[in-house]
Amino acid sequence: MLAEIGQTYVLMNQLDSALYFTQKAIQKKEKVYDSEWNFPVYLLATIQSKQGNYANALLNYRKALPLAVQNRYFWDTLQIFSGMASLFNKTGQTDSAINYAKMVAVSFDQREPKNLLEAFGNLAEAYKKNGNKDSAIKYLELSYALKDSIFSNEKNRQIQAIAFNENLRRNQLEADQLKYKNSMQKYILAGGIFI
């Protein structure tokens, strides 16, 4: 729970709070398959990278990688590679950024489209820095297409939810009308018997 709170603060870009909860999570020494849980270590690396503490961030990304394998969270390795690609882009090591971002792109996991989106962004940025405009444009286009796909899926879910809620409302209205009609019939019958 502490790590998830830390991640929430990372997403809100409140790094001091994120660091506090992440360090608390690391101190708990949570085990997964008899190894330290990789996620808090990855989260610490992400926070350090956002703070510009690249040397320690890289150490923690490298520490989190074998832990993810030992934890049998193989999809987490893509998240770690994506973080490393972003770090290498920030430090101007574009060849390493390209290498790690490509690992994410070719090993994409459907559960984490954020990693693929980040990989495409890192590839576009690295190729732009290297002066390879064609590849930069290619990955920008892939990034836009993926964003459209993600948002269109979300819009479809919202439309389905609206339609579902409308059907529920309509069914409830019909049930209420039937109940009212039955009540009226009872009152009319009772009134007829009384008369």
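Student: Which residues of helix α3 are buried?

Tutor: Buried means under 20% relative accessible area, exposed over 50%, and partly exposed in between (1.4 Å probe, protein chains only). In α3 the buried residues are N38, F39, P40, V41, Y42, L43, L44, A45, T46, I47, Q48 and S49. This is a predicted model, where local features need pLDDT of at least 70 and side-chain atom pairs count only at pLDDT 80 or more, while totals for chains, interfaces and linings use all residues. Residues are numbered from 1 along each chain as its sequence is written, and side-chain values use heavy atoms, with hydrogens and water left out.

Student: Why is α3 described as largely enclosed by the rest of the structure?

Tutor: Because 12 of its 14 residues are buried. Helices (H or I, at least four residues) and strands (E, at least two) are DSSP runs, numbered from the N terminus.

Student: What do the buried residues of α3 pack against?

Tutor: Contact means heavy atoms within 4.5 Å. The partners here are α1 (2-11), α2 (15-27), β2 (35-36), α4 (54-70), α5 (74-90) and α7 (113-129).

Student: How many Å does α3 reach from its first C-alpha to its last?

Tutor: The expected span of a helix is 1.5 Å times one less than its number of residues. Helix α3, residues 38-51, reaches 20 Å, close to the 20 Å expected. After α3 comes G52, with a positive phi near 85 degrees.

Student: Which residues have the most contacts inside the largest nonpolar core?

Tutor: A nonpolar core is a set of buried Ala, Val, Leu, Ile, Met, Phe, Trp, Tyr and Cys residues joined through side-chain atoms within 4.5 Å. The largest one has 38 residues, and Y61, I80, M84 and F88 have the most contacts inside it. At least two residues of this core come from each of α1, α2, α3, α4, α5, α6 (94-106), α7 and α8. Helix α7 gives the largest share, seven residues.

Student: Which residues does M84 touch, not counting residues up to four places away in sequence?

Tutor: M84 touches L58, Y61, R62 and Y100 on that count.

Student: Where is K29 found, and is K29 buried or exposed?

Tutor: K29 is in the loop between α2 and β1 (31-32). Its relative accessible area is 61%, so K29 is exposed. K29 is a residue other than glycine with a positive phi, near 50 degrees.

Student: What is the phi of Y33?

Tutor: Phi of Y33 is near 50 degrees, again positive in a residue other than glycine. Y33 sits in the loop between β1 and β2.
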